[in-house]
Amino acid sequence: MMMMMMMIMIAGFVESVTTPIKTWLDTILNSHNTTNMVLKELGVGSSPVDCVVCMSKVALGERVAMLERCSHGFHVKCVEAWLKEHPNCPLCRTPVYLWCP
């Protein structure tokens, strides 16, 4: 958290200067919304998935968002709404955002 605040302060300081440092900071600061998520369709023979965000089962034929870092699955819309407010998995709290390009 402290490192992120320092990067924001540095980015503000070099806002008007185009340098390799500014380019690197822009890349880092803009990459925090990138998640590793795989979308799959729940089919016959797939493992059942309980969405802990809405507290219901994912039905056959529905798309499932699987977080790559922890392999937990959720309804796509549920996990998207969750990740707008939280930086971690709703089930195990593993951070899901990539901080490095």
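Aspartate 50 is partly exposed at 44% relative accessibility (buried means under 20% relative accessible area, exposed over 50%, and partly exposed in between, with a 1.4 Å probe and protein chains only). The model is predicted: local features need pLDDT of at least 70 and side-chain atom pairs count only at pLDDT 80 or more, whereas totals for chains, interfaces and linings use all residues. Residues are numbered from 1 along each chain as its sequence is written, and side-chain values use heavy atoms, leaving out hydrogens and water.

The partner of aspartate 50 in a salt bridge is lysine 57, with 2.9 Å between the closest N and O atoms (the criterion is a side-chain nitrogen of Lys or Arg within 4 Å of a carboxyl oxygen of Asp or Glu). Lysine 57 is exposed, its relative accessible area being 58%. The structure holds 1 such salt bridge.

Confidence comes next. The protein chain has a mean pLDDT of 76, and 61% of its residues reach 70 or more (pLDDT is the predictor's confidence in each residue, from 0 to 100). Where pLDDT is low, the predicted coordinates should not be read in detail.

Strand pairing links E4 to two other strands. E1 and E4 are antiparallel, with 5 bridges (pairing requires at least two DSSP bridges between two strands). Here glutamate 41 has arginine 63 in E4 as its bridge partner. E4 also pairs with E5 in the antiparallel sense, over 3 bridges, and methionine 66 stands opposite glycine 73 in E5. Together, E4 and E5 form a hairpin with 5 residues between them, where serine 71 in the turn has a positive phi of about 65°.

Cysteine 70 lies in the loop between strand E4 (63-67) and E5 and is buried at 18% relative accessible area. Beyond four places in sequence, cysteine 70 touches Cys89, Cys92 and Thr94 (contact means heavy atoms within 4.5 Å). The C-alpha atoms of cysteine 70 and leucine 91 are 9.4 Å apart in space, with the two residues 21 apart in sequence. Histidine 75 belongs to strand E5 (residues 73-75) and is buried, at 12% relative accessibility.

Cysteine 89 contacts Leu67, Phe74, Trp82 and Val96, among others, when neighbours within four places in sequence are left aside.

In H3, the buried residues are Val76, Cys78, Val79, Trp82 and Leu83. Seen down the axis of H3, these fall within an arc of 160° and so line one face of the helix (the arc is that of the directions from the helix axis to the C-beta atoms). They pack against strand E1 (37-41), strand E2 (50-51), E4 and E5. The face of H3 turned away from its buried side carries the exposed residues Lys77, Lys84 and Glu85.

Key
Helices (H or I, at least four residues) and strands (E, at least two) are DSSP runs, numbered from the N terminus.
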